[in-house]
Amino acid sequence: MSGHDIGWIEGVIPHRDTMLLIDRVTALTPGESVEAIKAVTYTEPWYRGSTGPDLAYPLPLLLESWNQAAAVLVLATWAAEEAADRPTTVRQVGVPMLGSYGDVTLGRPVTPGDTMVHTVRIDKAQSDTMVLSGRTCVNNNVTLTVDRGIVIRRPMELLVALRAPSAS
């Protein structure tokens with residue numbers, strides 16, 4: 001599969017503006033890998049009031065953007081296991097939860113005007129656990145490398161049941 005736009009992505013992962021941090025899925029092979037892009041612009045909310053030369057994309061958002069590409073891969077893989085014709089939502093197949101990262105390295109900063117290209121691959125999958133790895137590049141320069149990310153699946157109903165009671 002390839003060439004999925006923002007509308008398709010919104011049908012797969014629950015993130016929305018302003019926290020939807022991938023713009024397009026350019027390549028997807030369930031059970032193997034994904035490539036997704038994110039164009040960084042000065043109009044994003046984290047740059048409000050910022051001036052000067054230090055406009056590096058916030059590192060937590062860089063990791064979150066990579067995670068969203070990973071979530072598309074994970075959900076597409078689970079959908080393929082269930083013989084669905086497209087990735088299904090977290091309500092249908094479970095919530096992918098990041099357990100941990102290992103050996104994360106950072107390269108050059110990402111700045112407005114850059115287009116990040118995230119690649120994520122599945123290194124190992126067993127039951128409801130996956131080991132992922134990948135990187136993010138801008139113009140073929142590495143900005144992020146994840147040597148190991150552990151993802152687990154939890155049923156949506158279980159997580160909703162664990163939610164703290166609302167104040168009355």
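Tutor: Helices (H or I, at least four residues) and strands (E, at least two) are DSSP runs, numbered from the N terminus. The model is a predicted one, where local features need pLDDT of at least 70 and side-chain atom pairs count only at pLDDT 80 or more, while totals for chains, interfaces and linings use all residues. Residues are numbered from 1 along each chain as its sequence is written, and side-chain values use heavy atoms, with hydrogens and water left out.

Read from the N terminus, the elements follow the order α-β-β-α-α-β-β-β-β-α. That comes to 4 helices and 6 strands. The C-alpha trace spans about 50 × 45 × 30 Å along its principal axes. The radius of gyration, taken over C-alpha atoms, is compared with a globule rule of 2.2 Å times the number of residues to the power 0.38. For 168 residues a compact globule would come near 15 Å, and the protein, at 16 Å, agrees with this.

Now to the core. Buried means under 20% relative accessible area, exposed over 50%, and partly exposed in between (1.4 Å probe, protein chains only). A nonpolar core is a set of buried Ala, Val, Leu, Ile, Met, Phe, Trp, Tyr and Cys residues joined through side-chain atoms within 4.5 Å. In soluble globular proteins, nonpolar side chains tend to be buried together.

The largest nonpolar core here holds 38 residues, and Ile13, Tyr57 and Leu132 touch the most other members. At least two residues of this core come from each of α1 (6-10), β1 (24-29), β2 (33-39), α2 (59-81), β4 (115-126), β5 (129-138) and β6 (141-154). Helix α2 gives the largest share, 12 residues.

Leaving aside residues up to four places away in sequence, Tyr57 touches Leu21, Lys38, Val40, Glu44, Trp46, Tyr47, Leu62, Val110 and Met116. Across the protein, 61% of the contacts with a separation of 6 or more join residues 24 or more positions apart.

Ala39 sits in strand β2, and its 32% relative accessibility makes it partly exposed. With residues up to four places away in sequence again left out, Ala39 touches Asp23, Glu44, Asp114 and Thr115. From Ala39 to Ala76, 37 residues apart in sequence, the C-alpha distance is 23 Å.

Val160 belongs to helix α4 (residues 156-162) and is partly exposed, at 39% relative accessible area.

Asp103, in strand β3 (residues 95-106), is not a glycine, yet its phi is positive, near 55 degrees. Asp103 is partly exposed, with 49% relative accessibility. Ser127, in the loop between β4 and β5, is not a glycine either and has a positive phi of about 55 degrees. At 67% relative accessibility, Ser127 is exposed.

Definitions and conventions: Contact = heavy atoms within 4.5 Å.
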